[in-house]
Amino acid sequence: MHDCVIIGGGPAGLTAAIYLSRFHLDIALYDSGESRAALIPCTHNHAGFPGGISGKDLLARMRQQAASFGVRSHDSKVTAVEPVDDHFVVRTGETTVEACTVLLATGVVNNRPRMEAALHDEALQRGLLRYCPICDGYEVTDKRVGVIGTGTHGMREALFLRGYTRDVTLIAPDAEHMLDDACADALDAARVTRVDGPCGQYAIEGDQLAFDTAHGRLRFDSVYPALGSQIRSRLALGAGARGTDDGCIVTDEHQRTTIPGLYAAGDVVKGLDQISHAMGQAGVAATTIRNELSERRPLRR
């Protein structure tokens, strides 16, 4: 019987693992190896790294730190979390373990443009394709930027990026734009160009990402897909926890879900979708877990 099982090996899960292990708790961490942070070529937004750090290097450092305090990490995908009496049964494809508490740090998956995986990864590494304007909008200052999206979400992302460059184009991913008058007026006021789709025939041409649209072939210094994401909240919802209308896990200010003993932190919880924010939530969750376990029994025998 573990004190806590952490599901997810991204910044939130690893931060919680470090905290909980230093609280002298018996924990296990399950990681399917799909952290969105691993896709970051280099972040300059994370405090303490003036020259920037890649997502993979950051995760490696955090894993090393967690391991130094005895955290046991399992490269497995959890298939179910089941509340049973006053604890949980956690199932993977190979094993079943029990835990007094569970922390879900399962994150989200970005919806990608329809392009080959190898091209996607190369464009991402070269900064020609980007997913987080908050993280790296600074890097596209005064550059030619394309945003693939439409509707309110696409409009908001285009307007956010307009704060970094005057050259922003919003391209509908499939056909004509789906913009109401308010969205269209806001884009016009900010002088954001609108182009209908569909988008296709992606290629890296020189130092730009190029693709076909209804208005011909366009080229950009950086392209942001504003296509939404898939929230990995299935385990929580399957356990009976409440979710938001858009699929995030509902938590209180201490990261407690609506199921006693089940916690959530990071991008799977509605919030800023930033590494620093995810780590802060994980610290709150871990401390709450420690304090609530101490109410059940002495933590040092």
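Where is the place of Pro198? The legends below take that up first, then move on through the rest of this predicted model.

**View 1. A cis peptide bond joins Gly197 and Pro198.** Pro198 sits in the loop between β10 (193–195) and β11 (200–205). Look at the bond linking Gly197 to Pro198: omega there is about 10°.

**View 2. Gln201 and Asp142 each have a positive phi.** Let's start with Gln201, which is part of strand β11. Its phi is about 55°, a positive value, although Gln201 is not a glycine. Gln201 counts as exposed because its relative accessibility is 61%, and the cut-off for exposed is over 50%. Now turn to Asp142, found in the loop between α4 (133–136) and β8 (145–148). Asp142 isn't a glycine either, and its phi is near 60°. With a relative accessibility of 59%, Asp142 counts as exposed.

**View 3. The largest nonpolar core holds 31 residues.** Two or more residues come from each of β1 (2–7), α1 (11–22), β2 (27–30), α2 (55–68), β6 (96–104) and α8 (275–296). The biggest giver is α8, with seven residues. In soluble globular proteins, nonpolar side chains tend to be buried together.

**View 4. Here is Cys4 with the residues it touches.** Setting aside residues up to four places away in sequence, Cys4 touches Leu20, Asp26, Ile27, Ala28, Ala99, Thr101, Val102, Leu103 and Ile289. There's also a second, separate core, made of 22 residues, and Val5, Val81, Ile259 and Leu262 are among them.

**View 5. Helices α1 and α8 pack against each other at an angle of about 35°.** Their axes are 8 Å apart, and the crossing is right-handed. On the α1 side, the contact is made by Pro11, Ala12, Thr15, Ala16, Tyr19 and Leu20. On the α8 side, you'll find Ile275, Ala278, Met279, Ala282, Gly283, Ala286, Thr287 and Ile289. Sort the residues of this contact by class and you get 11 nonpolar, three polar and no charged ones.

View 6. Leaving out neighbours within four places in sequence, Thr288 is in contact with His254, Arg256 and Tyr263.

**View 7. Tyr19 and Phe23 form an edge-to-face pair.** The structure holds four aromatic pairs, and here's one of them. A pair of aromatic rings is described by the distance of the centres and the angle of the planes. For Tyr19 and Phe23, the centres are 6.4 Å apart and the planes stand at 80°. Why does the pair of Tyr19 and Phe23 count as edge-to-face? It does because the planes, at 80°, are over the 60 degrees needed for that label. Tyr19 is partly exposed, with a relative accessible area of 37%. Phe23 is partly exposed too, at 26%.

**View 8. Three aromatic residues form one cluster.** The members to look for are Tyr202, Phe211 and Phe220.

Technical notes: Residues numbered from 1 in each chain as written. Predicted model: local features only at pLDDT ≥ 70, side-chain atom pairs only at ≥ 80, totals over all residues. Heavy atoms only, no water. Core = buried A, V, L, I, M, F, W, Y, C linked by side-chain atoms within 4.5 Å. Buried < 20%, exposed > 50% of the residue type's maximum accessible area, 1.4 Å probe, protein only. Helix = DSSP H or I, 4+ residues; strand = E, 2+ residues; numbered from the N terminus. Contact = heavy atoms within 4.5 Å. Axes fitted to C-alpha atoms, helices over the stretch in contact; angles between N-to-C directions. Left-handed = near helix turned anticlockwise from the far one by under 90°. Nonpolar A, V, L, I, M, F, W, Y, C, P; charged D, E, K, R; others polar. Phe/Tyr/Trp six-rings, centres within 6.5 Å; stacked < 30°, edge-to-face > 60°.
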